[in-house]
Structure formats: structure tokens, C-alpha cells
Amino acid sequence: MWTDGACKGNPGPGGWGAWLRSGDHERELFGGDALTTNNKMELTAVIEALRALRRPCRVRLHVDSTYVMNGVQRWMPNWKRNGWRTADKKPVKNVDLWQALDAELQRHDVTWLWVKGHSGDPGNERADALANRGVDQLGLAR
């Protein structure tokens, strides 16, 4: 599974994309939001990709977002322990998305793999193209 988010302006119109592959089966997902941030689209891509799985799965999830990777692997355990507050007691930004991601992570066995964006990784390039389709489908003039 590869996911990516895109934003034309931050905030601005944004899109998310995901490419799921298992053996010979493939699925492309994408969507967008007229006013969003890149971080929201990165999170949404992962959430929607995991939601698309009909049953609990073992997933190799490729992301180019250090925000998502750090959030899941480093920050989320403390946020949960602190009632979804940061170390300095402020509410976690995008808490609704982090909580939705946390719920999906309870269903699946996810191995997180970071890839450098725009570096030629075929899955990442495909997810990026899907995220841009999510922006394009909004039909907003740029």
C-alpha cells in the first residue's frame, strides 16, 4: 500500500491518493477537499486506504510523510496517554484524523515504510498522481 497527499496552497485545495496492491489485485483510491492542508491530506490518504480493506490485514504501508510516520510511531502513544494533548498540554492538531487513524490501526497489522517523495519510487509516484487527481476532480481553477 502506498499513500500520498497533495495541497495547492497550504491551506488550499488538496487531494489524497492511495494505491493498494496484493498479488495480481490492484485498487486506486483518491479524493479531495476544497480547503485543507497537506498534513490533513496525508492522514486522510492512510485512513481511507486502511478503511478500504474489508477484513483485518497485514499491510506494508509506504508513506513519504514524516508527519504521519512520527505521529504514529513517536507521538501518538503519548497523545493518547495525555488525553490527546501534546507534551505542552495543547490539543493535538487534526485530532479527529489521528483518532480515525488510531481506530484503523487497531484492525490491521501495519509495517510502516518511509520513502522519499518524488524520488522515483513507482508506488509513491502512483499515489502522488492519484492525490493530484483528487485535487483535479474538485474542478477548481488554479
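Helices (H or I, at least four residues) and strands (E, at least two) are DSSP runs, numbered from the N terminus. The model is predicted: local features need pLDDT of at least 70, side-chain atom pairs count only at pLDDT 80 or more, and totals for chains, interfaces and linings use all residues. Residues are numbered from 1 along each chain as its sequence is written, and side-chain values use heavy atoms, without hydrogens and water.

The protein has four helices and five strands. From the N terminus, the elements follow the order β-β-β-α-β-α-α-β-α. The C-alpha trace spans about 40 × 40 × 30 Å along its principal axes.

Helix H4 covers residues 122–136. Its 15 residues reach 21 Å from first C-alpha to last, close to the 21 Å expected at 1.5 Å a residue; the expected span is 1.5 Å times one less than the number of residues. Aspartate 121 caps the N-terminal end of H4. A side-chain oxygen of aspartate 121 lies 3.1 Å from the backbone nitrogen of glycine 123. The buried residues of H4 include Ala127, Leu130, Ala131 and Val135. Polar residues Asn124, Asp128 and Asn132 are also buried. The buried residues of H4 pack against strands E1 (2–7), E2 (12–22) and E3 (25–36), with contact meaning heavy atoms within 4.5 Å.

Key:
Buried < 20%, exposed > 50% of the residue type's maximum accessible area, 1.4 Å probe, protein only. Polar contact = N/O pair within 3.5 Å; in protein donor to acceptor, adjacent residues only side chain to side chain.
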